[in-house]
Number of protein chains: 4
Amino acid sequence: MTGGASAAAATDADDAAAETVTASVVGASGFAGGELLRLLAGHPHFDIQQATSRQNAGKSVGSTHPPLRGTELRYTEPTDLESVDVLFAATPHGVSMGRIDEFFEVADTVVDLSADFRLDTAAQYDAWYDGHDAPAYLAKAEYALPELNRANLPGADLIASGGCNATATILGLYPLFEHGIFGGETGATDGGVADEVGGDERIVVDVKVGSSEGGAGGGAASSHAERSGVVRPYAPTGHRHEAEIEQFLGTPVAFTCHAVDMVRGASATSHVFPDGPVSKGDLWSAYRESYEDEPFVRLAAGGSGVYRYPEPKAVAGTNVAEVGFELDPSNERVVVFSAIDNVMKGSAGQAVHAANIALGFAETAGLDFAGLHPVGSP
Amino acid sequence: MTGGASAAAATDADDAAAETVTASVVGASGFAGGELLRLLAGHPHFDIQQATSRQNAGKSVGSTHPPLRGTELRYTEPTDLESVDVLFAATPHGVSMGRIDEFFEVADTVVDLSADFRLDTAAQYDAWYDGHDAPAYLAKAEYALPELNRANLPGADLIASGGCNATATILGLYPLFEHGIFGGETGATDGGVADEVGGDERIVVDVKVGSSEGGAGGGAASSHAERSGVVRPYAPTGHRHEAEIEQFLGTPVAFTCHAVDMVRGASATSHVFPDGPVSKGDLWSAYRESYEDEPFVRLAAGGSGVYRYPEPKAVAGTNVAEVGFELDPSNERVVVFSAIDNVMKGSAGQAVHAANIALGFAETAGLDFAGLHPVGSP
Amino acid sequence: MTGGASAAAATDADDAAAETVTASVVGASGFAGGELLRLLAGHPHFDIQQATSRQNAGKSVGSTHPPLRGTELRYTEPTDLESVDVLFAATPHGVSMGRIDEFFEVADTVVDLSADFRLDTAAQYDAWYDGHDAPAYLAKAEYALPELNRANLPGADLIASGGCNATATILGLYPLFEHGIFGGETGATDGGVADEVGGDERIVVDVKVGSSEGGAGGGAASSHAERSGVVRPYAPTGHRHEAEIEQFLGTPVAFTCHAVDMVRGASATSHVFPDGPVSKGDLWSAYRESYEDEPFVRLAAGGSGVYRYPEPKAVAGTNVAEVGFELDPSNERVVVFSAIDNVMKGSAGQAVHAANIALGFAETAGLDFAGLHPVGSP
Amino acid sequence: MTGGASAAAATDADDAAAETVTASVVGASGFAGGELLRLLAGHPHFDIQQATSRQNAGKSVGSTHPPLRGTELRYTEPTDLESVDVLFAATPHGVSMGRIDEFFEVADTVVDLSADFRLDTAAQYDAWYDGHDAPAYLAKAEYALPELNRANLPGADLIASGGCNATATILGLYPLFEHGIFGGETGATDGGVADEVGGDERIVVDVKVGSSEGGAGGGAASSHAERSGVVRPYAPTGHRHEAEIEQFLGTPVAFTCHAVDMVRGASATSHVFPDGPVSKGDLWSAYRESYEDEPFVRLAAGGSGVYRYPEPKAVAGTNVAEVGFELDPSNERVVVFSAIDNVMKGSAGQAVHAANIALGFAETAGLDFAGLHPVGSP
């Protein structure tokens with residue numbers, strides 16, 4: 001449990017002197033891919049080389065992503081990859097593991113946004129997905145939740161950027177484990193908490209997600225007429241992000257996901273029955289200690305006004321995770337809230353954050369958008 | 001636990017011969033009050049006498065409720081009550097208990113939609129609210145969740161219609177208690193499950209509600225700009241509906257509520273760790289047995305298509321509760337979903353349902369609207 | 001211009017004595033088809049025989065339309081049609097004209113909800129669509145906008161139910177033509193206004209529609225992520241409903257459509273520069289005279305409160321058209337607003353209304369749902 | 001008509017050398033005020049001194065504006081103004097004109113976001129509002145629509161930033177006037193088009209706006225339950241922004257506004273009947289010539305994909321105006337679409353843009369956010 005303790009990898013002063021590297025985005029017509037293009041276009045140290053999309057090859061990137069209208073860049077075929085310093089892969093799950101050797105032929109560093117390299121072993125992968133095509137890479141890949149394991153990232157060749165729902169959940173729960181409020185003291189894995197933690201009472205995690213988690217495709221269930229205004233159980237049990245959470249925190253969680261009416265955003269509410277008595281002051285101390293120096297974590301736990309607890313709206317478009325909590329004395333329960341923009345902190349933003357660390361740039365480079373108020377459905 | 005077992009209080013044949021009674025609605029300009037007016041206007045056995053609203057006295061009821069445009073009825077002052085057979089009180093919490101003697105001076109039957117008479121004792125009330133003005137009525141009032149305690153309702157003088165979030169939660173969980181899947185065998189209260197049930201593992205209930213639960217008033221937090229697209233923790237701990245649920249089921253639940261972007265609707269997801277092993281077949285048997293003859297409960301637990309589990313959209317505008325479940329073998333968990341329209345099944349519809357039973361009408365009289373598909377934010 | 005003047009075709013007294021007829025719905029898995037099933041299931045004089053859907057044959061109708069869950073009816077193949085009294089065709093544009101002979105082999109009366117038989121001549125059809133397969137039926141078909149041409153409908157064999165945007169627009173504008181405020185006095189066609197009306201200043205019609213107009217299919221543009229929160233020009237010029245409007249009112253309109261964030265609903269705002277001076281009182285007189293006895297038209301033109309003018313929300317789920325207006329003296333303009341539920345008044349509801357008249361039932365039979373308040377995105 | 005022709009006031013090279021000036025925001029707790037704080041906080045040349053809010057004095061600015069959480073700045077009383085270089089006033093209409101002398105006592109430059117100084121004369125103001133408190137300032141104020149009159153802004157003391165709906169409308173229509181497609185050749189006012197233009201056929205402008213235009217306050221009509229999913233006529237005639245449009249373009253427009261379900265955004269659809277024949281190529285030439293060098297105007301007029309025409313979603317959070325058009329040959333009509341974020345390009349962003357020019361900074365300084373894709377209700 002040391003990863004999160006180290007300071008940011010590069011100061012702003014270092015950053016100003018940093019060189020520019022070349023980068024390409026594979027799978028750039030999807031939502032995460034488009035966000036990567038936008039972030040890299042505004043980043044002081046990345047020079048975009050290619051954006052691939054089989055379906056849109058030859059078209060301008062602005063034809064699919066309105067914020068990029070006016071940009072010269074055009075999509076190329078996914079197979080025509082030129083050499084770059086960093087390759088970001090924003091392809092659907094299962095694609096990267098089949099092309100990983102090819103990726104390393106053209107790039108020194110690969111940042112993968114899919115689930116392909118997030119788990120440590122092929123056995124774990126098989127338990128949640130369907131057989132891994134490149135198991136040898138699993139041990140080499142560094143799982144990236146920068147706040148909690150940034151020490152692993154400098155110089156990493158293959159980065160597996162954490163998944164959206166897992167990121168929200170882990171960031172919310174981590175301080176409880178780190179400070180012994182739940183789960184006891186245990187050995188770390190991947191910068192994570194534990195190999196095994198005990199306790200009879202399972203943590204219940206109830207996540208609400210927006211429609212962008214379903215990707216840029218279509219289908220009746222994700223049509224506006226059917227999806228507007230929903231509170232729809234989605235992967236009510238057996239959600240694959242449980243694997244990441246369990247690997248990182250060392251304990252299973254009872255995880256359930258609901259689709260709600262927003263486009264961006266993931267909000268995780270975790271119901272925790274702590275090992276012993278805990279006060280709200282204890283919680284404040286724990287969370288402050290875990291996150292007070294983090295540029296991308298913001299505590300919101302009560303107070304006054306409209307926005308008292310973490311909300312996806314409050315972080316829409318940003319790389320910020322809001323984390324908060326409330327105490328339920330009558331049920332001896334801690335309720336933890338965490339909210340992120342799934343396309344940013346849960347995907348493209350976290351990937352850029354990890355790449356910044358891997359390459360020695362200032363952690364916040366290219367990630368400084370503060371968000372909007374008011375904003376509708378984020 | 002016998003209330004739910006009795007058959008519907010009146011057959012359709014009886015109903016056809018039923019007489020018409022007079023009814024008034026106190027607090028008719030609010031959302032529940034308007035819904036009552038609409039239901040009573042289309043009801044074969046109610047003749048609306050008065051609709052009161054201090055703020056709108058003299059105006060037509062259609063001036064506040066568009067579906068009632070064209071209706072002749074005009075609001076009267078709340079204090080000018082004429083004699084009626086049934087008085088529906090849709091006033092904010094705390095009003096009915098101060099006027100209950102006055103109500104019984106003008107009406108034989110009072111159906112109260114507020115929380116004022118839902119709890120059994122003044123002590124319980126004090127624990128969750130702030131002192132009761134008419135504690136003598138608490139024991140006389142019949143709490144109404146018709147599916148579970150309809151036997152108590154025929155001839156009742158004072159009916160306390162169940163609260164929206166409590167109704168969704170209790171209807172979802174009840175079959176697990178009734179069939180010994182959770183909570184053991186216990187004594188009943190109010191037609192409910194138990195005086196006391198054990199088990200170390202608390203039930204976690206995570207509820208998502210629409211903006212109509214906040215009532216017809218305003219305020220910054222409920223403004224469209226601030227509330228659109230939210231996933232906002234709302235009464236994250238200590239929600240008052242815990243009291244009703246605990247009273248009815250005989251066990252505390254760890255209850256948390258979120259505001260989401262819909263207008264009507266309450267969706268309760270209950271995470272239950274059952275007393276022993278249970279199969280999906282066991283769950284189907286339990287839920288079918290509990291609800292197969294219920295006109296207003298519909299099971300939705302898997303299947304194909306867009307709508308597989310309970311959703312508020314699927315019941316918008318109706319008096320139907322959708323109830324469903326999923327099994328999580330790896331966490332030895334049952335996830336229960338229940339969805340209602342909070343203004344209907346969670347308020348006005350349930351009140352009319354209870355009144356139908358109390359007065360000997362067919363249970364479904366005036367409550368047969370099937371809902372819409374597609375529908376946006378319900 | 002005589003159609004609308006005749007009284008309702010059947011009184012309620014007649015209706016009570018009416019017999020029940022059999023009906024089937026072709027294309028029943030779409031939004032309009034599902035709405036027809038719901039309306040017919042609750043209708044006192046229709047007995048549903050079949051509901052066809054190629055894609056869902058064998059499944060229950062509730063599998064696609066949640067309000068019909070619990071109904072026994074299952075989809076049959078579109079080609080297995082049994083004999084019925086009335087066949088409702090809710091198929092996509094172009095299907096009915098290819099099957100119309102087949103339809104009349106099994107049914108005495110065909111009510112078509114598509115655009116296939118709305119125009120009078122093959123030449124008109126060719127000008128807006130792509131060649132007609134059964135032009136001989138065009139002259140036989142009765143276009144149905146019951147308020148304006150109900151005299152044509154009793155006993156009709158083939159009814160072409162008016163289109164959603166055309167219905168909203170025509171109902172809004174008609175009183176201006178009928179009372180000589182715009183367009184002069186002219187000869188009628190199809191119960192409509194004129195063969196030719198003059199005036200240099202075109203009427204501008206700006207329509208806002210919900211996502212249900214796009215039907216039950218999918219596609220990227222109608223996905224929730226891309227369509228949420230839009231104000232999207234849609235068929236900005238050359239919209240095919242111009243043909244219906246022009247045929248009925250006898251004058252071209254400059255028509256533009258926008259997709260906005262609702263599911264149900266069409267709102268037409270017509271900007272009219274009248275032939276001469278007109279007062280608000282003149283407008284009130286004209287609209288009242290045109291619509292005062294209409295069960296499905298409601299005037300909303302000012303007043304106080306939240307709902308002052310026509311709004312799709314206020315008529316969601318109903319067969320009501322709200323019509324209103326405002327005077328703009330400084331621009332010598334009349335702004336006309338009309339709002340309908342496109343799936344009801346703009347499609348299935350209007351079809352049932354027309355069938356009620358054709359068959360001699362009370363006009364409002366099966367169409368009495370008053371709507372909801374509050375309601376979210378309708 | 002020369003303002004827009006001049007090049008940007010400062011090159012990026014100049015900008016790098018620019019000094020930092022101090023700025024305060026009066027009325028900072030509103031939506032425009034919060035946006036100003038966010039823009040100024042991320043601006044290379046502004047140093048925020050004070051943010052005033054009577055209601056929130058003493059609280060952190062993050063307490064009302066989530067994106068500013070973590071900022072040290074606290075609200076001060078509106079009356080405790082310290083000396084600054086630039087004062088931005090984001091107060092409700094009518095406030096600035098009463099305090100304008102006081103503002104100039106503490107600041108060299110005042111940028112007012114309200115309507116108080118947008119009109120040229122007291123007579124014009126009286127015609128649309130209710131008497132002006134400081135008419136002497138009307139002639140001194142420079143109305144700011146930077147694309148069209150940037151030449152007026154360098155060194156300006158008092159800047160009246162253009163209103164949201166007027167900005168969208170004028171930017172859409174201007175090229176038609178500039179290139180003689182509508183309105184003939186005329187004399188300019190305020191950098192605008194004309195003192196008087198002829199033509200019998202009025203331009204019809206139909207605007208759709210989000211809830212943020214109503215400001216941060218509440219009220220029943222703007223509550224989420226009542227405003228969700230609306231298409232609500234709002235100021236259907238006599239909208240005050242007509243005054244700005246008429247003053248700038250020299251011709252009255254028939255203007256109507258609708259509230260739709262989004263938070264940010266204004267979309268203006270203008271229906272224009274041109275003076276003579278015009279082709280789509282003519283339109284492209286005109287719009288390209290008017291805007292090709294503009295950093296904050298983007299043309300969108302057809303093409304493929306989901307986003308073919310201007311949409312508020314595509315510019316949410318940005319200072320970009322999208323402008324496009326379509327030709328309707330059968331009605332001899334040009335339909336012009338323009339979309340902005342009303343809080344940015346329609347308010348705070350335009351104010352900063354104008355201030356950048358006034359003070360000699362690069363025009364785009366602090367305004368480079370490109371927007372998000374996907375985004376829900378913007």
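Me: Why is B:Lys208 called buried?
Reply: Buried means under 20% relative accessible area (exposed is over 50%, partly exposed in between, with a 1.4 Å probe and protein chains only). B:Lys208 has 0% relative accessibility, so the residue counts as buried. B:Asp206 is buried too, because its relative accessible area is 0%.

Me: What makes B:Asp206 and B:Lys208 a salt bridge?
Reply: The rule asks for a side-chain nitrogen of Lys or Arg within 4 Å of a carboxyl oxygen of Asp or Glu. For B:Asp206 and B:Lys208 the N to O distance is 3.3 Å, so the pair meets the rule.

Me: Before we go on, what kind of model is this, and how is it numbered?
Reply: It is a predicted model, in which local features need pLDDT of at least 70 and side-chain atom pairs count only at pLDDT 80 or more, while totals for chains, interfaces and linings use all residues. Residues are numbered from 1 along each chain as its sequence is written, chains are lettered from A and ligands numbered from 1 in the order in which they are written, and side-chain values use heavy atoms, with hydrogens and water left out.

Me: Thanks! How do you know that the salt bridge of A:Arg232 and B:Glu311 crosses between chains?
Reply: Their closest N and O atoms are 2.6 Å apart. A:Arg232 sits in strand 9 (residues 231-234) of chain A, and B:Glu311 in the loop between strand 12 (297-299) and helix 11 (312-315) of chain B. Helices (H or I, at least four residues) and strands (E, at least two) are DSSP runs, numbered from the N terminus. A:Arg232 has 9% relative accessibility, so this residue counts as buried; B:Glu311, at 0%, counts as buried as well.

Me: Why can the salt bridge of D:Glu322 and D:Arg298 be said to tie parts of chain D together?
Reply: The N to O distance of this pair is 2.9 Å. D:Glu322 lies in strand 13 (residues 321-328) and D:Arg298 in strand 12 (residues 297-299), so the pair links parts that are 24 residues apart in sequence. Both D:Glu322 and D:Arg298 are buried.

Me: What makes chain C and chain D partners in an interface?
Reply: Contact means heavy atoms within 4.5 Å, and 55 residues of chain C are in contact with 55 residues of chain D. The area buried between them is about 4100 Å², with carbon and sulfur atoms giving 56%. Buried area is the accessible area (1.4 Å probe) that two parts lose on being put together, summed over both. The rule also finds six salt bridges across this interface. C:Arg202 and D:Glu332 meet in a salt bridge at 3.5 Å, N to O. Strand 10 of chain C gives the largest share of the side that touches chain D, six residues.

Me: And how do you know that A:Cys164 is buried?
Reply: Its relative accessible area is 13%, so A:Cys164 falls under the cut-off of 20%. A:Cys164 is found in helix 7 (residues 164-178) of chain A. Leaving aside residues up to four places away in sequence, A:Cys164 touches A:Glu213, A:His241, A:Ile340, A:Asn342 and A:Gly346. An unreviewed UniProt entry has the annotation "active site" at A:Cys164; UniProt positions are given in the numbering used here, feature names are shortened, and annotations may be inferred rather than shown by experiment.
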